[in-house]
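Please brief me on this structure.

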Amino acid sequence: MAARIGTDEVSNLSPPYQDVDLFGSDTPLREAVGANGAGDDAASLGEFGRHWGSAAMFEWAKLANENPPRLEGEVVEFHPSYHYFMAESVREGLHASTWQPDGTPAAAPAEVARAARFYMVAQVENGHMCPITMTRASVAALAAAPALRGAVLPKIATRQYDPGFRPWTQKSGMTLGMGMTEKQGGTDVRANTTRAERDGDVYRITGHKWFMSAPMCDAFLVLAQADAGLSCFFMPRFRPDGEISALHFQRLKDKLGNRSNASSEVEFDNAYAVLVGGDGQGIRTILPMVQLTRLDCAISSAGMMRAGLAQALHHCRHRSVFQKRLSVQPMMRTVLADMAAEVEGALAAVMRLCRSFDLASSVPSEAARARLLTPAIKYWVCKAAPALVYEAMECLGGNGYVEDFTLARLYREAPVNAIWEGSGNVMGLDVLRAFTRDAEAARATLADLARQAGDLPGAVDAANLIAKTFADGVGEGGARVAVERLAQLVAAAALNAQGRGDVAETFARTRLSGRRGSTYGTGDLAAAEIRSLLARVLPDS
Ligand SMILES: Cc1cc2nc3c(=O)[nH]c(=O)nc-3n(C[C@H](O)[C@H](O)[C@H](O)COP(=O)(O)OP(=O)(O)OC[C@H]3O[C@@H](n4cnc5c(N)ncnc54)[C@H](O)[C@@H]3O)c2cc1C
């Protein structure tokens, strides 16, 4: 046996980032929750944050991603850790808490309270959030079929995760997925070739879906061509006679990240389904679901950014280079503070958007705001996440690149939210459409944002650029820069409105007025600003 030379005893390694209170340690989150009407939920959010930030949860997350699901004939086998996360998130109501028992939206601050939890979950395990998101969002599409919604909702709302492979009618809880994307097109769903044939009161669906995630959901909302065109269908895994329906999974995708979640390729061979909404009304019917999944993409990307930032700062506070902790070295402090400003902006924008969803049913201007700003915020936040997580990884040096720490996994996860549920350009087209279809409401939202941003640096120029691009019809080619500016204007305005004029000023000066390079740490930040931003990320231990 080789002699041991005693390299096991090492110093200067940062302790694992775990057993943290994901709510209590996060000043911007606590402020955003309070400013958006959910302050009374703080005690319960604290409990949630301590539980999800425990070492055990981080260990479960590692297991869920190291042991990806496998397709076994009709079913997908998951590691117990995946089921554990599903049970935890369902118990907390992340899949259902924003709905009343009759399927109408729950009263404010249901969206903000859920979003705060979703943001924390995204810092721990992301894959299982896919079916959680789709289940909660599906209720919005089921509004077009009230009787079906009335039957399904009690099963969704139980807060019991039932992974059994049985008809949904016999289960103690159910989850729903969605099947829109086909080989020939995901953005252009009108090109779907899957056919729906009428069979009495129901339909038989034949065709394929190229991406259908969480295939162990109990039912799916699926788009297919019926007599009058593209239509939306409720397709359960079992037929009403109790037989397994003809959904044949071809294989599971071998994905870059998101590995705890299964995404399937599937063929339907006369699969049983019922129509949701009108024949030919498929896009209109499923759009409210898509809007909610887009919101969740933005929330979870903001959560991933927070995870990257917190782990980077945690590491830098414990790691010394040249006899000094990284967290006191000026260039590293600038990098971390610049990242902190980005996360503050992303979180403020997302939480203010959730407030709009909370108020949409009673305040028309908030409904208009949600319509216009969901694609803009999804665009900016989901695109910001991979770059921020990459920079966070580099803050850990070589350790960031290996699987012992969680940043490598987070880095693989980060791009997915920008790609699915409307990729970047599609979000740009959506903002353009909102300005075209309801120009008056869009202009009013923009004026409101400009007012809230007040005299923050660059705010007036940003509002002018957005108006010129969208309202005056500069066209698609110029949309990206204006969409980014729109989301950043929301962030600055939200920070200002929630009483953080100091952070809003930093954010606006470094983002809206353009005095920043293309990477983190190139913003022009004063020492006092840096100190204040970093103190807000994590309490100094
Ligand atoms: C992990 C994962 C899970 C998924 N799960 C599901 C699921 O459960 N159900 C489901 O239905 N789908 C799912 N999808 C599919 C996803 O929603 C689609 O991949 C996405 O909508 C893009 O469609 P596409 O891949 O066909 O790309 P395309 O539509 O071909 O788009 C390619 C690129 O072109 C851009 N583009 C499109 N139109 C324009 C235009 N007019 N001008 C400029 N640029 C444009 C897009 O922004 C995109 O960047 C999943 C995808 C992934 C990666």
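On a 1 Å grid over the protein atoms alone, a cavity is a set of points where a 1.4 Å probe fits but cannot get out, whereas a pocket is an open set with protein on both sides within 12 Å along at least five of seven lines; lining residues have an atom within 4 Å of a point. Grid points are joined across faces, edges and corners, and a volume is the space filled by probe spheres set on the points. This is a predicted model, in which local features need pLDDT of at least 70, side-chain atom pairs count only at pLDDT 80 or more, and totals for chains, interfaces and linings use all residues. Residues are numbered from 1 along each chain as its sequence is written, and side-chain values use heavy atoms, with hydrogens and water left out.

**Cavities**

- Three cavities of 30 Å³ or more are found in the structure.
- The largest cavity holds about 90 Å³ of space. It has 13 lining residues, and Val 124, Asn 126, Thr 406, Arg 409 and Leu 410 are the closest to its centre.
- Helices (H or I, at least four residues) and strands (E, at least two) are DSSP runs, numbered from the N terminus. The elements α3, α8 and α11 each give two or more residues to the lining of the largest cavity. The largest share, three residues, is from α11.
- The second largest cavity holds about 60 Å³. Its lining includes Asp 26, Tyr 119, Arg 306, Glu 344 and Val 537.
- Two or more residues of that lining come from each of α8, α9 (330-359) and α18 (527-537). Helix α9 gives the largest share, four residues.
- For classes, Ala, Val, Leu, Ile, Met, Phe, Trp, Tyr, Cys and Pro count as nonpolar, Asp, Glu, Lys and Arg as charged, and the others, Gly among them, as polar. The lining of the second largest cavity has eight nonpolar, three charged and no polar residues.

**Second largest pocket**

- The volume of this pocket is about 470 Å³.
- It has 25 lining residues, and Lys 62, Glu 403, Asp 404, Phe 405 and Thr 406 lie nearest its centre.
- Elements giving two or more residues to this lining are α3 (55-66), α8 (282-318) and α11 (407-413). Six residues, the largest share, come from α3.
- By class, the pocket lining has nine charged, nine polar and seven nonpolar residues.

**Ligand site**

- The ligand is surrounded by 20 residues (a heavy atom within 4 Å). The closest are Met 180, Thr 181, Gly 186, Thr 187 and Ser 213.
- A polar contact is a pair of N or O atoms within 3.5 Å. A polar side-chain atom of Thr 187 is 2.5 Å from a ligand oxygen atom. A backbone N or O atom of Met 180 is 2.8 Å from an oxygen atom of the ligand. A polar backbone atom of Phe 211 lies 3.2 Å from a ligand nitrogen atom.
- The protein covers 67% of the 970 Å² of accessible area (Shrake-Rupley method, 1.4 Å probe) that the ligand has on its own.
- The shell has nine nonpolar, nine polar and two charged residues.

**Aromatic rings**

- Rings of Phe, Tyr and Trp (its six-membered ring) pair if their centres lie within 6.5 Å; planes under 30 degrees apart count as stacked, over 60 as edge-to-face and the rest as tilted. The count is 11 aromatic pairs.
- Phe 48 and Trp 52 are stacked, because their ring centres are 5.7 Å apart and their planes are at 25°. Both residues lie in helix α2 (residues 42-52), four residues apart, about one turn of the helix.

Notes
A polar contact is a pair of N or O atoms within 3.5 Å; within protein, one must be able to donate a hydrogen and the other to accept it, and residues adjacent in sequence count only if both atoms are side-chain atoms.
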